[in-house]
Amino acid sequence: MLTSAPGHNRADTIATVARCLDDDGPLVLLARDGNDDLYHRGPVPGGSIYLIPGLWSTMPPDLLRALRARRRADITGRCDACGAALTLSTGQMAHESDCNVGNDRLRPMLSAWLRRVGRYARGRRLTEDPLDPIDQATPTRQERRDVQQES
Ligand SMILES: [Zn+2]
């Protein structure tokens, strides 16, 4: 959901989101915020802040691939797995129903892992640049369909 900052109208907010997607330069990890990572990119003062899901060493490979793709999509505004793009007027990204990066599939995967490992057995926190190339094993939508048809 798109929420305006104090003193911003809707057009200001949309323009701000668009600037976040256009920002160049390295991402700098500012802090861990609960299960999320807080990054900054751009000039100081100013620039853009990104709150994206964190990664843990005990996450299974399929969950790690989906989360890496989600982190990248949250920053670039485009999902590499299904091609969805951020709609600036809503602040939403409509992933395909079979995309593991979208909330409908990612949240259950994350919840299942959290139930399995509990609060204190997540392993170590991973530090990765969200814009680094995603593991080549990240399945595309077509590859997932092929696997589903084989089974
Ligand atoms: Zn997607």
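Analyst: In this predicted model, a residue is called buried if 20 or more other C-beta atoms lie within 10 Å of its own, and exposed if 12 or fewer do. By that rule, 17% of the 151 residues of the chain count as buried.

User: What makes helix α3 lie largely in the open?

Analyst: Of the 15 residues of α3, the number that reach the buried cut-off is zero, so the helix lies largely in the open. Helix α3 covers residues 103-117.

User: How do you know what span to expect for α3?

Analyst: The expected span is 1.5 Å times one less than the number of residues. For the 15 residues of α3 the expected value is 21 Å, and the helix reaches 21 Å from its first C-alpha to its last. Just after α3, G118 takes a positive phi of about 70°.

User: Why is A15 called partly exposed?

Analyst: A15 has 13 C-beta neighbours inside 10 Å. Exposed requires 12 or fewer and buried requires 20 or more, so a count between these limits is partly exposed. A15 belongs to helix α1, residues 10-22. Its C-alpha is separated by 8.3 Å from that of L88, 73 residues away along the chain.

User: Which class does A94 fall into, and why?

Analyst: A94 has 14 C-beta neighbours inside 10 Å, so A94 is also partly exposed. A94 sits in the loop between β6 and α3. From A94 to C79, 15 residues apart in sequence, the C-alpha distance is 9.4 Å.

User: Which residues touch the most other members of the largest nonpolar core?

Analyst: That core has 14 residues, and the ones touching the most other members are A69, A73, C79, A81, C82, C99 and V101. Helix α2, residues 61-76, gives the most to this core, with five residues. Members of a nonpolar core must be buried, so the cut-off of 20 applies to each.

User: What makes β1 hardly covered?

Analyst: Strand β1, residues 28-33, has six residues, and the count of buried ones among them is zero.

User: How do you know that β1 and β2 pair?

Analyst: Pairing takes at least two bridges. Five bridges join β1 to β2, and the two run antiparallel, with A31 opposite L38 in β2. Two residues separate the strands in their hairpin, where G34 in the turn has a positive phi of about 65°.

User: What is the count of bridges between β2 and β3, and in which sense do they pair?

Analyst: Strands β2 (residues 36-41) and β3 (residues 48-53) are joined by six bridges in the antiparallel sense, against the two that pairing needs. Y39 stands opposite Y50 in β3. Their hairpin has six residues between the strands, and G42 has a positive phi near 110°.

User: Why is the bond between V44 and P45 called cis?

Analyst: The omega of that peptide bond is about 0°. P45 lies in the loop between β2 and β3. Most peptide bonds are trans.

User: How do you know where the predictor's confidence is under 50?

Analyst: Confidence is given per residue as pLDDT, from 0 to 100. The chain averages 85, and 87% of the residues score at least 70. Over residues 136-140 pLDDT stays under 50, and the model has six contacts beyond four places in sequence for them.

How values were computed: Residues numbered from 1 in each chain as written. Predicted model: local features only at pLDDT ≥ 70, side-chain atom pairs only at ≥ 80, totals over all residues. Helix = DSSP H or I, 4+ residues; strand = E, 2+ residues; numbered from the N terminus. Core = buried A, V, L, I, M, F, W, Y, C linked by C-beta atoms within 7 Å. Contact = placed C-beta atoms within 7 Å.
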